[in-house]
Amino acid sequence: MAIRTVSTMVHPALRQKAKKVRTFGPVLQKLADDMLETMRDEPGIGLAANQVGVLQRVIVVELPKDDDEPRSGKTYAVVNPKIVKASREQEEMEEGCLSVPGLVGDVWRSVEVTVKGRDVKGKPIRIKARDLLARVFQHEIDHLNGILFIDRVESPDNIRRIVRPEEAETEEQREAATALI
Ligand SMILES: [Zn+2]
(Lines give C-alpha, C1' and ligand atoms only; values in the text may rest on other atoms or scores of the structure.)
Protein backbone atom coordinates (compact mmCIF):
# COMPACT_ATOMS: atom_id res chain seq x y z
CA MET A 1 0.00 0.00 0.00
CA ALA A 2 1.09 3.57 -0.50
CA ILE A 3 -0.25 6.95 0.47
CA ARG A 4 -1.20 9.05 -2.52
CA THR A 5 -1.64 12.81 -2.74
CA VAL A 6 -5.21 14.05 -2.37
CA SER A 7 -6.03 16.51 -5.11
CA THR A 8 -7.52 19.82 -4.12
CA MET A 9 -10.00 22.00 -5.93
CA VAL A 10 -7.74 23.23 -8.71
CA HIS A 11 -7.00 19.69 -9.95
CA PRO A 12 -8.91 19.09 -13.24
CA ALA A 13 -9.76 15.46 -12.29
CA LEU A 14 -12.12 16.80 -9.62
CA ARG A 15 -14.25 18.38 -12.32
CA GLN A 16 -14.25 15.41 -14.69
CA LYS A 17 -16.48 12.40 -14.92
CA ALA A 18 -14.73 9.18 -13.93
CA LYS A 19 -14.93 6.21 -16.30
CA LYS A 20 -16.62 2.92 -15.62
CA VAL A 21 -14.20 0.23 -14.46
CA ARG A 22 -14.09 -2.71 -16.88
CA THR A 23 -10.99 -4.56 -15.68
CA PHE A 24 -10.90 -6.19 -12.27
CA GLY A 25 -7.43 -7.23 -11.17
CA PRO A 26 -4.31 -6.27 -9.24
CA VAL A 27 -4.21 -2.66 -10.52
CA LEU A 28 -7.73 -2.02 -9.27
CA GLN A 29 -7.00 -3.79 -5.98
CA LYS A 30 -3.91 -1.60 -5.47
CA LEU A 31 -5.90 1.55 -6.24
CA ALA A 32 -8.57 0.62 -3.68
CA ASP A 33 -5.94 -0.29 -1.06
CA ASP A 34 -4.07 2.98 -1.64
CA MET A 35 -7.30 4.96 -1.43
CA LEU A 36 -8.16 3.35 1.90
CA GLU A 37 -4.73 4.07 3.30
CA THR A 38 -4.87 7.65 1.99
CA MET A 39 -8.33 8.22 3.48
CA ARG A 40 -7.22 6.93 6.88
CA ASP A 41 -4.04 8.99 6.77
CA GLU A 42 -5.81 12.30 6.07
CA PRO A 43 -8.03 11.36 8.04
CA GLY A 44 -11.30 11.18 6.15
CA ILE A 45 -14.41 9.01 6.11
CA GLY A 46 -14.72 8.65 2.35
CA LEU A 47 -12.65 9.08 -0.79
CA ALA A 48 -13.31 8.92 -4.53
CA ALA A 49 -10.67 8.00 -7.12
CA ASN A 50 -10.93 11.48 -8.72
CA GLN A 51 -9.50 12.83 -5.48
CA VAL A 52 -6.25 10.99 -6.07
CA GLY A 53 -6.24 11.98 -9.74
CA VAL A 54 -7.56 8.69 -11.12
CA LEU A 55 -10.62 8.90 -13.38
CA GLN A 56 -12.06 5.49 -12.52
CA ARG A 57 -15.39 4.89 -10.79
CA VAL A 58 -14.06 3.70 -7.42
CA ILE A 59 -14.96 4.95 -3.93
CA VAL A 60 -14.03 3.94 -0.40
CA VAL A 61 -16.06 4.70 2.71
CA GLU A 62 -15.34 4.01 6.36
CA LEU A 63 -17.18 5.64 9.25
CA PRO A 64 -15.35 5.78 12.56
CA LYS A 65 -16.47 3.25 15.15
CA ASP A 66 -19.45 4.55 17.11
CA ASP A 67 -21.52 2.41 19.47
CA ASP A 68 -24.74 4.20 18.51
CA GLU A 69 -24.16 3.61 14.81
CA PRO A 70 -24.50 -0.09 13.91
CA ARG A 71 -22.72 0.14 10.53
CA SER A 72 -19.84 2.28 11.75
CA GLY A 73 -16.37 0.81 11.50
CA LYS A 74 -17.33 -1.18 8.41
CA THR A 75 -15.17 -0.63 5.34
CA TYR A 76 -16.69 -0.24 1.89
CA ALA A 77 -14.78 -0.24 -1.40
CA VAL A 78 -17.31 0.08 -4.20
CA VAL A 79 -16.56 -0.08 -7.91
CA ASN A 80 -18.99 1.50 -10.41
CA PRO A 81 -21.33 2.60 -7.60
CA LYS A 82 -24.78 3.78 -8.55
CA ILE A 83 -27.62 5.10 -6.43
CA VAL A 84 -30.62 3.02 -7.42
CA LYS A 85 -32.98 4.33 -4.76
CA ALA A 86 -32.99 7.57 -2.76
CA SER A 87 -35.51 8.55 -0.12
CA ARG A 88 -37.60 11.63 -0.73
CA GLU A 89 -36.89 12.54 2.86
CA GLN A 90 -33.83 14.77 2.98
CA GLU A 91 -31.72 16.28 5.71
CA GLU A 92 -29.46 19.32 5.72
CA MET A 93 -26.09 18.80 7.37
CA GLU A 94 -22.67 20.38 7.42
CA GLU A 95 -20.24 18.77 5.00
CA GLY A 96 -16.55 19.14 4.40
CA CYS A 97 -14.29 17.63 1.78
CA LEU A 98 -10.62 16.62 1.74
CA SER A 99 -10.39 18.25 -1.69
CA VAL A 100 -11.92 21.54 -0.54
CA PRO A 101 -9.63 22.34 2.37
CA GLY A 102 -10.69 24.89 4.93
CA LEU A 103 -14.37 25.09 3.94
CA VAL A 104 -17.58 23.45 5.10
CA GLY A 105 -21.14 24.00 3.93
CA ASP A 106 -24.71 22.91 4.60
CA VAL A 107 -25.94 20.39 2.05
CA TRP A 108 -29.31 18.67 1.62
CA ARG A 109 -29.04 14.92 1.00
CA SER A 110 -31.42 11.98 0.97
CA VAL A 111 -31.62 10.34 4.40
CA GLU A 112 -31.61 6.84 2.90
CA VAL A 113 -30.08 5.49 -0.31
CA THR A 114 -29.53 2.12 -1.92
CA VAL A 115 -26.20 1.80 -3.71
CA LYS A 116 -25.47 -0.89 -6.26
CA GLY A 117 -22.03 -1.68 -7.61
CA ARG A 118 -19.26 -4.25 -7.48
CA ASP A 119 -16.57 -5.08 -5.00
CA VAL A 120 -12.92 -4.98 -6.09
CA LYS A 121 -13.12 -8.61 -7.22
CA GLY A 122 -16.07 -7.83 -9.48
CA LYS A 123 -18.79 -9.39 -7.35
CA PRO A 124 -22.09 -7.46 -7.44
CA ILE A 125 -22.98 -5.72 -4.17
CA ARG A 126 -25.95 -3.78 -2.89
CA ILE A 127 -25.77 -1.51 0.15
CA LYS A 128 -28.65 0.09 1.98
CA ALA A 129 -27.39 3.14 3.85
CA ARG A 130 -28.94 5.81 6.03
CA ASP A 131 -27.96 9.02 7.79
CA LEU A 132 -24.23 9.77 7.71
CA LEU A 133 -23.38 6.64 5.72
CA ALA A 134 -25.97 7.57 3.08
CA ARG A 135 -24.57 11.11 2.97
CA VAL A 136 -21.02 9.90 2.41
CA PHE A 137 -22.09 7.64 -0.46
CA GLN A 138 -23.94 10.54 -2.12
CA HIS A 139 -20.92 12.84 -1.65
CA GLU A 140 -18.47 10.27 -3.09
CA ILE A 141 -20.65 9.38 -6.08
CA ASP A 142 -20.92 13.13 -6.77
CA HIS A 143 -17.12 13.20 -6.96
CA LEU A 144 -17.20 10.52 -9.67
CA ASN A 145 -19.40 12.87 -11.67
CA GLY A 146 -17.18 15.92 -11.15
CA ILE A 147 -19.50 17.48 -8.56
CA LEU A 148 -18.28 19.04 -5.29
CA PHE A 149 -20.36 19.82 -2.20
CA ILE A 150 -19.90 23.53 -2.81
CA ASP A 151 -22.03 23.09 -5.95
CA ARG A 152 -24.86 21.79 -3.80
CA VAL A 153 -25.09 24.47 -1.11
CA GLU A 154 -28.14 26.65 -1.49
CA SER A 155 -26.25 29.91 -1.21
CA PRO A 156 -22.63 31.02 -0.71
CA ASP A 157 -23.70 32.17 2.79
CA ASN A 158 -23.92 28.48 3.69
CA ILE A 159 -20.18 28.04 3.17
CA ARG A 160 -17.95 28.65 6.18
CA ARG A 161 -14.23 28.57 6.93
CA ILE A 162 -12.74 25.95 9.22
CA VAL A 163 -9.23 25.18 10.31
CA ARG A 164 -7.49 21.86 9.74
CA PRO A 165 -7.31 19.50 12.78
CA GLU A 166 -3.59 20.15 13.25
CA GLU A 167 -4.20 23.91 13.32
CA ALA A 168 -7.19 23.77 15.66
CA GLU A 169 -6.71 25.65 18.89
CA THR A 170 -10.00 24.78 20.60
CA GLU A 171 -11.90 21.53 20.98
CA GLU A 172 -14.77 23.04 18.99
CA GLN A 173 -12.51 23.80 16.05
CA ARG A 174 -11.06 20.30 16.20
CA GLU A 175 -14.50 18.72 16.05
CA ALA A 176 -15.56 20.87 13.11
CA ALA A 177 -12.43 19.86 11.23
CA THR A 178 -13.14 16.15 11.37
CA ALA A 179 -15.40 13.91 9.29
CA LEU A 180 -14.06 15.11 5.97
CA ILE A 181 -15.20 13.24 2.90
ZN1 LIG B 1 -15.15 15.13 -1.01
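Which residue is the bridge partner of Ile59 in E3? Select Ile59 and you will find Val78 of E3 as that partner. Keep this pair in view as we start the tour.

Before we go on, a word on what you are looking at. Residues are numbered from 1 along each chain as its sequence is written. This is a predicted model, in which local features need pLDDT of at least 70, side-chain atom pairs count only at pLDDT 80 or more, and totals for chains, interfaces and linings use all residues. The element names come from DSSP runs numbered from the N terminus: helices are H or I runs of at least four residues, strands are E runs of at least two.

**Stop 1**

Select residues 58-62, strand E2, and residues 75-86, strand E3; they pair in the antiparallel sense over 5 bridges. (Two strands pair if DSSP finds at least two bridges between them.) Besides the pair you began with, Val58 has Val79 as its bridge partner in E3.

**Stop 1**

Contact here requires C-beta atoms, placed from the backbone, within 7 Å. Axes are lines fitted to C-alpha atoms, for helices over the stretch in contact, and angles run from 0 to 180 degrees between N-to-C directions.

**Stop 2: the sheet of three strands**

Next comes an open sheet of 3 strands, ordered E4-E5-E8 with antiparallel pairing. Strands E4 (90-96) and E8 (159-161) are at its edges with a single partner strand each, so one side of each has no neighbour in the sheet. Its twist averages 30° from one strand to the next.

Zoom in on E4 and E5 (residues 103-110), which pair in the antiparallel sense over 7 bridges. Met93 has Val107 of E5 as its bridge partner.

**Stop 3: helix H2**

Finally, select residues 131-144: this is H2, lying across E4 and E5 at about 105° to E5. Of its 14 residues, 13 are buried, so H2 is largely enclosed by the rest of the structure. (Buried means 20 or more other C-beta atoms within 10 Å of a residue's own, exposed 12 or fewer, partly exposed in between, with C-beta atoms placed from the backbone.) Just after H2, click on Gly146, which takes a positive phi of about 80°.

Key:
Two residues are in contact if their C-beta atoms, placed from the backbone, lie within 7 Å.
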